[in-house]
Amino acid sequence: MFEKVLIANRGEVALRIHRACHEMGIKTVAVHSVADANAMHVKLADEAVCIGPAGAKESYLNKANIISAALMTGADAIHPGYGFLSENADFAEMVEAHNMVWIGPRPEMIRKMGDKVAARQLAKEAGLPLIPGSDGEIKNVLDAIQWGEVLGYPVIIKASAGGGGKGMRVVNSADEMEMAFTLAQNEARSSFENDGVYMEKYLSHPRHIEVQILADNFGHVIHLGERDCSLQRNHQKILEETPSPALNPEQRKKLGEMVVAAIKKIGYSNVGTVEFLYENGQFYFMEMNTRLQVEHPITEAVTSLDIVREQIRLSAGQTLDIKQEDIQFHGVAIECRINAEDPNTFVPCPGKIGQWHVPGGLAVRVDSGMYAGCDVPPNYDSLVAKLIVSGRTRNGALMRLKRALGEFVIEGISTTIPLHQEIIQNADFIDGAYDIHWLADFLKNRAG
Ligand code: MV4
């Protein structure tokens with residue numbers, strides 16, 4: 001096992017990884033920007049290295065400085081967390097080239113899954129159901145119009161190098177195609193330095209359902225159930241829950257088995273998440289995330305597993321000693337992402353936190369890097385805390401969530417707590433009757 005891990009991240013996820021390391025007897029190295037000199041992830045770590053000025057490009061995305069910090073402190077491995085360099089295959093290769101372990105899947109797998117056309121092909125070969133779409137990239141407008149005919153409108157054009165919603169364009173008819181194709185291609189080129197695009201049939205009212213997997217280097221694969229992440233705004237998830245209120249136990253079992261079989265065929269190892277769109281009782285592969293995810297704690301809450309601990313073990317080359325039949329799912333867990341944002345306009349609201357009091361009690365978890373008197377710098381993501389509650393039933397979890405949100409005190413900045421309080425009292429939400437477009441409608445109606 002590793003003796004020392006460098007955590008190439010900040011905020012709550014840096015704390016999350018630090019905690020898993022310390023429970024395993026592993027020393028931690030924090031890296032931080034100038035703006036984060038007083039951040040909690042720096043205080044908790046055994047050692048800390050400043051890697052650059054406030055801007056993320058010059059600090060948390062500064063590959064050379066992070067590698068230097070790891071070499072200087074004698075770290076055996078680097079954990080990238082989520083965001084920043086977590087799905088950067090070049091960085092993963094750099095870590096390995098310097099004889100350290102990358103805590104994540106093999107760089108080649110990150111690269112393949114980062115190419116959405118290649119990922120679709122891999123998923124298809126592994127037996128996952130795809131959204132009907134183009135075989136490979138679309139090269140020109142003529143090609144695009146032909147695929148539009150084949151698939152039937154509406155269709156969606158996506159960037160091969162995209163993901164997470166960047167560079168997508170819905171096309172409703174052949175008339176719109178020339179314009180949409182050209183814009184999508186240009187947008188892809190300027191955003192990703194890669195103008196590859198492909199096309200899928202557009203699903204108009206799907207849910208976003210994703211499956212967490214764990215896989216070792218010896219072909220052992222298990223799934224930890226699904227998460228419903230349909231509640232999102234501008235491709236930023238706001239609230240996630242497990243199990244999905246849309247699935248019955250039979251569908252859940254089938255989905256899990258399908259994903260495990262596919263992951264074995266693909267030969268993927270480490271933690272990962274397979275994302276699906278779900279509409280009219282059908283699942284369609286969307287993409288695969290080759291990292292630890294923000295919302296992993298809801299899965300931990302219903303399985304009692306420590307996903308980061310397992311990830312570290314897997315990366316150290318240990319076998320997955322948990323079998324699928326050892327996994328028991330109990331109850332329901334829900335996560336609210338609490339952002340430093342205006343709850344009505346979503347404008348980021350960095351600043352100095354005054355009073356800070358987190359809720360507690362049975363089945364309540366708060367993951368946060370914040371504390372009373374700390375700064376929320378303007379340079380990074382606005383997430384200030386994740387509130388995760390669980391309950392024996394969905395209703396029980398919702399009652400607990402309402403209670404916990406009411407206990408939270410964050411002064412000095414605006415947060416999205418009031419938005420969560422409204423959402424969880426909505427009748428549709430309480431019924432679990434929401435898809436990926438539900439929140440936009442809710443916000444529109446709320447604005448009056
Ligand atoms: C889609 C889709 C409808 N039909 N693909 C958004 C993120 C990116 N990973 C893929 N996305 C979508 N792909 C087809 N064929 C709708 C979305 C989508 C979406 C998906 C998941 C969660 C929220 C979303 C919000 C808008 C659009």
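This is a predicted model: local features need pLDDT of at least 70, side-chain atom pairs count only at pLDDT 80 or more; totals for chains, interfaces and linings use all residues.
When I say polar contact today, I mean a pair of N or O atoms within 3.5 Å.

Let's begin at the ligand. A nitrogen atom of the ligand sits 2.9 Å from an N or O atom in the side chain of Lys-158. That is the side-chain part of the story. Two further distances involve backbone atoms. Lys-201 brings a backbone N or O atom to 2.7 Å from a ligand nitrogen, and Leu-203 brings a backbone N or O atom to 2.9 Å from a ligand nitrogen. As for cover, the ligand on its own has 520 Å² of accessible area, and the protein covers 92% of that.

Who else is around it? The shell holds 17 residues, and the closest are Lys-158, Glu-200, Lys-201, Leu-203 and Glu-287. By type, the shell splits into 8 nonpolar, 5 polar and 4 charged residues. Three strands each supply at least two of the shell residues: S6, at 155-159, S8, at 197-201, and S13, at 282-289. In domain terms, domain 2 (132-201) and domain 3 (207-447) each give at least three residues to the shell.

Gly-163 lies in the loop between S6 and strand S7, the latter at 169-171. Is Gly-163 buried or exposed? Its relative accessibility is 18%, so Gly-163 counts as buried. Setting aside neighbours within four places in sequence, Gly-163 is in contact with Lys-116 and Glu-287, and Glu-287 is one of the closest residues to the ligand. For a sense of span, Gly-163 and Lys-43 are 120 residues apart along the chain, and their C-alpha atoms are separated by 34 Å.

Next, a bit of backbone geometry, for those of you who like to check torsions. There is a cis peptide bond between Tyr-153 and Pro-154, with omega at about -5 degrees. Pro-154 belongs to the loop between helix H7 (141-151) and S6, and S6 is one of the strands that supply the ligand shell. A cis peptide bond also runs from Thr-242 to Pro-243, with omega near -5 degrees. Pro-243 is in the loop between strand S11 (236-242) and helix H9 (249-266).

Two residues other than glycine have positive phi. His-235 has phi near 65 degrees and lies in the loop between strand S10 (221-233) and S11. Asn-270 has phi near 105 degrees and is placed in strand S12, residues 270-279.

Last stop: Asp-228, which is found in strand S10. Its relative accessible area is 0%, so Asp-228 is buried. Which side chains does the side chain of Asp-228 pair with? Another, of 2.7 Å, joins Asp-228 to the side chain of Ser-244. Beyond its neighbours within four places in sequence, Asp-228 is in contact with several residues, among them His-208, Ile-209, Leu-239, Glu-240, Pro-245 and Tyr-434.

Definitions and conventions:
Residues are numbered from 1 along each chain as its sequence is written. Side-chain values use heavy atoms; hydrogens and water are left out. A residue is near a molecule or strand if one of its heavy atoms lies within 4 Å of it. A polar contact is a pair of N or O atoms within 3.5 Å; within protein, one must be able to donate a hydrogen and the other to accept it, and residues adjacent in sequence count only if both atoms are side-chain atoms. Accessible areas come from the Shrake-Rupley method with a 1.4 Å probe; for residues, only the protein chains shown count as cover. Helices (H or I, at least four residues) and strands (E, at least two) are DSSP runs, numbered from the N terminus. Ala, Val, Leu, Ile, Met, Phe, Trp, Tyr, Cys and Pro count as nonpolar, Asp, Glu, Lys and Arg as charged, and the others, Gly among them, as polar. Domain bounds come from an automatic or database domain assignment. Buried means under 20% relative accessible area, exposed over 50%, partly exposed in between (1.4 Å probe, protein chains only). Contact means heavy atoms within 4.5 Å.
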